[in-house]
Amino acid sequence: MFREQARLRDQIVFLEVAEGHHVEMNAWRYLWAARTARVIVSRELGEVQMRKFVLPALPALQTTAENIYFESYGCFADLDGSGHAAVAAQQAERLLERLRGNAHSR
């Protein structure tokens, strides 16, 4: 368990540093870190309440948990109560409508 926690910590730190543009981002390494974090968080979700993944200092952790929630339930999670989930759902619907409109015009 400690090893998994250490791996998750390392991946989240990398994601935060890369997203903050503090280091040059290697796309392969970034994807690997995101996938590793996702696997570990997904495994832990059954034991931890979703709101525990909301840490203002670690937005990558919250994003990872929200992505897993979306993948599992097909809807957006609003873990921090910011309202971003509703905005994201509206924007996604608008994008899909626009894409459908382009597909019909061809």
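Helices here are DSSP runs of at least four residues, numbered from the N terminus. The model is predicted.

**Stop 1: the second largest pocket**

Select helix H3 (59-73) and helix H4 (84-104); each of them supplies at least two residues of the lining of the second largest pocket. H3 gives the largest share of that lining, four residues. The volume of this pocket is about 160 Å³.

Now show the side chains of the lining: Gln 62, Glu 66, Asn 67, Phe 70, Phe 76, Ala 77, Asp 78, Asp 80, Ser 82, His 84, Ala 85 and Ala 88. Coloured by class, the lining shows five nonpolar, four polar and three charged residues.

**Stop 2: Val 54**

Next, select Val 54, in the loop between helix H2 (27-45) and H3. Apart from neighbours within four places in sequence, Val 54 is in contact with Gln 62, Leu 79 and Asp 80. Among these contacts, Gln 62 and Asp 80 also belong to the lining of the second largest pocket.

**Stop 3: the salt bridge**

Finally, select Glu 93 and Arg 100, whose side chains meet in a salt bridge at 3.8 Å, N to O. Side chains of opposite charge can pair when their charged atoms come close. The structure holds one salt bridge.

Note on methods. Residues are numbered from 1 along each chain as its sequence is written. This is a predicted model: local features need pLDDT of at least 70, side-chain atom pairs count only at pLDDT 80 or more; totals for chains, interfaces and linings use all residues. Side-chain values use heavy atoms; hydrogens and water are left out. On a 1 Å grid over the protein atoms alone, a cavity is a set of points where a 1.4 Å probe fits but cannot get out, and a pocket is an open set with protein on both sides within 12 Å along at least five of seven lines; lining residues have an atom within 4 Å of a point. Grid points are joined across faces, edges and corners, and a volume is the space filled by probe spheres set on the points. Ala, Val, Leu, Ile, Met, Phe, Trp, Tyr, Cys and Pro count as nonpolar, Asp, Glu, Lys and Arg as charged, and the others, Gly among them, as polar. A salt bridge is a side-chain nitrogen of Lys or Arg within 4 Å of a carboxyl oxygen of Asp or Glu. Contact means heavy atoms within 4.5 Å.
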